[in-house]
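Please read the points in order.

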Amino acid sequence: MDKHSSRYAVGLMSGTSVDGIDAAVVSITDNPDGTMSVQLIAFENTPYPAGVRQDIFNLFDPAQATVDKIGSMNVLLGELYAEAASSVIAAAGLASAEIAVIGSHGQTIYHAPESEKLHGYDIHYTVQIGEGSVIAARTGIPCVSDFRPADMAVGGQGAPLVPFTEYLLYREAHRTLLLQNIGGIGNMTVIPAGCSQEQVYAFDTGPGNMIIDGVVERLYPGPLTMDIGGAIARSGNVHEELLGLLQQEPYYAQPLPKSTGREHFGSSYIDWLLDQAKLRGIRAEDVVATVTRLTAWSIGDAYRRYVREQDPADVLLVGGGGSYNPVLIGFLRQEMEPYGVKVMTQEEVGHSSDAKEAVAFALLADYAMKRQPNNLPNVTGAARPIIMGKISY
């Protein structure tokens, strides 16, 4: 592979669902017209050991997230990410020396995008762990990590970051596309037909799988951590009163730009939701059906509220773990298709739902190594384009 026009990169992603480490190897080729071609070479998902997953969840609670626990988990995750990178490189039939860069998102344990006053300064911050210097040391490959703070330092929310790469890979001349990721959190990227980079916008629609997974774990104690294939939701009925209550959550009407996370829709939210369900005597399967409907509604509501009038869309392209839940996809079709928006999954157009975000961080790292801006100020609210990511050699 000509290293001047083509190179291999690895992307690592661990999302808010904490279901494991996604690792992708991609080839990146610079085209003469200034575009780039990206090909997925190999992809692996490595589940976290159960004890590690629980330790990460404990860090989501600021009362438990002591500095020693954060520090040790930061290094442990660096070791696990390095192993995941080495494994996927081997699966691609490549050697470490052939990889130009690793891009690692890290594990978000806290995200506070709204400014607060601290000793007279406006402070907003985010915490991702998974030490990049450990990844670089173990693999012998430069690692770009901790992307979000650079965007936040110039006034952005540090999220969402994937729209930058979605613009590079998905834009079309004649169709307006909505790219909806349904991970722990749902986020939508709007790519108007024939648009420039500055015309792309994106935001978090609200909970993706986070509430669904949360209620399943509480209501069905045992090894089950998600509603596999939507089986539980399919056996239940939507409780309209509970749904109406959940729809009153103020986040849904918050103006753009906006992002959210486990701080908002995590454990304490699940506690409140289940208390409300218990008060109403709602069956477990009906709770799961209702929160599945809520996720679909929040995406439809976001389209109607922020997008439809100015950028009527042709296609909603769904990726992330939620794309494998046929009940959720069915609810999403009910939300979108009356407005002429066709709902499709990444697989239906030849891409991988699982690998999409890992591929994105490989590309973001590639831009960082070229010292080229890799944020979209119109998306994050940043004052200017900035080069995100900290490089470890």
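How do the residues of the lining of the second largest pocket divide into nonpolar, polar and charged?

1. The model under review is predicted. In it, the lining of the second largest pocket comprises eight nonpolar, ten polar and seven charged residues.

2. The volume of this second largest pocket is about 610 Å³. Its lining is made up of 25 residues, and those that lie nearest the centre are Phe-57, Phe-60, Arg-262, Gly-266 and Ser-267. Two or more lining residues are contributed by each of helix 1 (50-59), strand 4 (99-118), helix 6 (210-219), helix 9 (262-265) and helix 10 (267-279).

3. An unreviewed UniProt entry assigns the feature "binding site" to Gly-15, Thr-16, Ser-17, Val-18, Asp-19, Gly-20, Ile-21 and Asp-22. Of these residues, Thr-16 and Ser-17 are included in the lining of the second largest pocket.

4. Gly-15 is located in the loop between strand 1 (6-14) and strand 2 (21-30). Ser-17 is likewise found in the loop between strand 1 and strand 2.

5. Is Ser-17 buried or exposed? Ser-17 has a relative accessible area of 11% and therefore counts as buried, the cut-off being under 20%.

6. Beyond its neighbours within four places in sequence, Ser-17 is in contact with Arg-53, Phe-57, Gly-183, Gly-184, Asp-213 and Arg-262. Among these partners, Phe-57 and Arg-262 are also listed with the residues that lie nearest the centre of the second largest pocket.

Conventions
Residues are numbered from 1 along each chain as its sequence is written. This is a predicted model: local features need pLDDT of at least 70, side-chain atom pairs count only at pLDDT 80 or more; totals for chains, interfaces and linings use all residues. Side-chain values use heavy atoms; hydrogens and water are left out. On a 1 Å grid over the protein atoms alone, a cavity is a set of points where a 1.4 Å probe fits but cannot get out, and a pocket is an open set with protein on both sides within 12 Å along at least five of seven lines; lining residues have an atom within 4 Å of a point. Grid points are joined across faces, edges and corners, and a volume is the space filled by probe spheres set on the points. Helices (H or I, at least four residues) and strands (E, at least two) are DSSP runs, numbered from the N terminus. Ala, Val, Leu, Ile, Met, Phe, Trp, Tyr, Cys and Pro count as nonpolar, Asp, Glu, Lys and Arg as charged, and the others, Gly among them, as polar. UniProt positions are given in the numbering used here, feature names are shortened, and annotations may be inferred rather than shown by experiment. Buried means under 20% relative accessible area, exposed over 50%, partly exposed in between (1.4 Å probe, protein chains only). Contact means heavy atoms within 4.5 Å.
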